[in-house]
Amino acid sequence: MRLPWPWPKRPETELAKVGFVEEAVPEMGAVYRFALRLTRGDESEAEDVVQETFSRAYRSWDSYERGTRCRSWLFTICRHEFLRLRERDRKHVEAVQPDAAPDAEALAAAMIAQEAMTANPEQAFFESLLDDAVILAIDKLPIEFRETLVMSDLQDLPNSEVARILEIPIGTVKSRLYRGRRLLQQALYEYAVEMGYVRPGAM
Amino acid sequence: MQSGTDLTQCHKVIAQLWAYIDGELTPERMDEIRAHLEMCHRCYPQYDFQRAFLAFIARVGDQPLPRQLRRRVFERLLAEERGDTVA
């Protein structure tokens, strides 16, 4: 069997801008997963966002300092593209929630955890939950809590990095993150109770 | 186990548990909380729960990049580089 000649070139080898393929392209999966949570699971919209993100990133590649957290830089662009496309398509942009008090959120979560642990001493209640249920609960969070939680807890970025991407103070990152976590725990616990995985008050 | 830890300490520790798990506190405070957790039967289970919860949600949502998307991104970048106008 004769192979076709010349061998088809991988398209990325033809991109001229130095370093883009090495640094930016490997982040495409992470950017897609981030976009998927911004769009609340709308795959088609997320794909559009990813396309726009990489187009803009390629055009602005000169403004990026090589070797300095490319993923964060791409996430910043991704957010802007997501909001821009929403505005362009006159789609609903969610209302911003008032800021939370981080300590109060942590203490509220502790109360949920206490109830959960009392009802289910052997196994943490969330271990019985399906991924889909968790993703659904994350997607239900208001956007500023959702994007903060996704960047911090799913993408494993430190608070300082999230602050840079969102262009907000670290304190605000903390309060949004903690509110997001508390709301998520609460939603998942209520779901587990509803599904009968947990029977609270059975003391 | 000692019940010597007083509740005001526990209250502060619980309020800072996430910050502790995230490593977002000063080294001194991290040490203080670590020492407290080692001997507090009230706070340790909370720490264990929150640590497990964060580990749990970290694993969620590992969707792979759709192959078509990767190809379409490249096609568009190459087209833009050649100067083809994209609608």
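Of the 87 residues of chain B, 41% count as buried (under 20% relative accessible area, with exposed over 50% and partly exposed in between; 1.4 Å probe, protein chains only). The model is predicted: local features need pLDDT of at least 70 and side-chain atom pairs pLDDT 80 or more, whereas totals for chains, interfaces and linings use all residues. Residues are numbered from 1 along each chain as its sequence is written, chains are lettered from A and ligands numbered from 1 in the order of writing, and side-chain values use heavy atoms, without hydrogens and water.

Chain B has five helices and zero strands. Helices (H or I, at least four residues) and strands (E, at least two) are DSSP runs numbered from the N terminus. Along the sequence the pattern is α-α-α-α-α. Contact is taken as heavy atoms within 4.5 Å. Among contacts in chain B between residues at least 6 apart in sequence, 60% join residues at least 24 apart.

Chain A has nine helices and zero strands. Its elements run α-α-α-α-α-α-α-α-α from the N terminus on. Of its 203 residues, 52% count as buried. For contacts in chain A between residues at least 6 apart in sequence, 73% join residues at least 24 apart.

The two chains meet in an interface. Here, 53 residues of chain A are in contact with 35 residues of chain B. The area buried between the chains is about 4,100 Å², and carbon and sulfur atoms give 65% of this area. Buried area is the accessible area (1.4 Å probe) that two parts lose on being put together, summed over both. A:Gln51, A:Phe126 and A:Arg181 supply 15% of the area that chain A buries against chain B, more than any other three residues.

Polar interactions also cross the interface. The rule finds four salt bridges between chain A and chain B (a side-chain nitrogen of Lys or Arg within 4 Å of a carboxyl oxygen of Asp or Glu). In one salt bridge, the side chain of B:Arg76 meets that of A:Glu52 at 3.0 Å, N to O. Six helices of chain A each supply at least two residues of the side that touches chain B: α2 (28-38), α3 (43-59), α5 (102-119), α6 (131-140), α7 (143-154) and α9 (170-194). The largest share, 10 residues, comes from α5(A). By class, this side of chain A has 31 nonpolar, six polar and 16 charged residues. Ala, Val, Leu, Ile, Met, Phe, Trp, Tyr, Cys and Pro count as nonpolar, Asp, Glu, Lys and Arg as charged, and the others, Gly among them, as polar.

Buried in α5(B) are B:Leu69, B:Val73, B:Phe74, B:Arg76, B:Leu77, B:Leu78 and B:Ala79. The buried residues of this helix pack against α1 (20-24), α2 and α3 of chain A. B:Gly83 follows α5(B), with a positive phi near 95 degrees.

Most residues other than glycine have a negative phi. A:Arg69 has a positive phi near 55 degrees. A:Arg69 is found in the loop between α3 and α4 (70-88) of chain A and is partly exposed, at 48% relative accessible area. A:Asp156 also has a positive phi, of about 60 degrees. The loop between α7 and α8 (159-166) of chain A holds A:Asp156, which counts as exposed at 66% relative accessibility.

Methods: A polar contact is a pair of N or O atoms within 3.5 Å; within protein, one must be able to donate a hydrogen and the other to accept it, and residues adjacent in sequence count only if both atoms are side-chain atoms.
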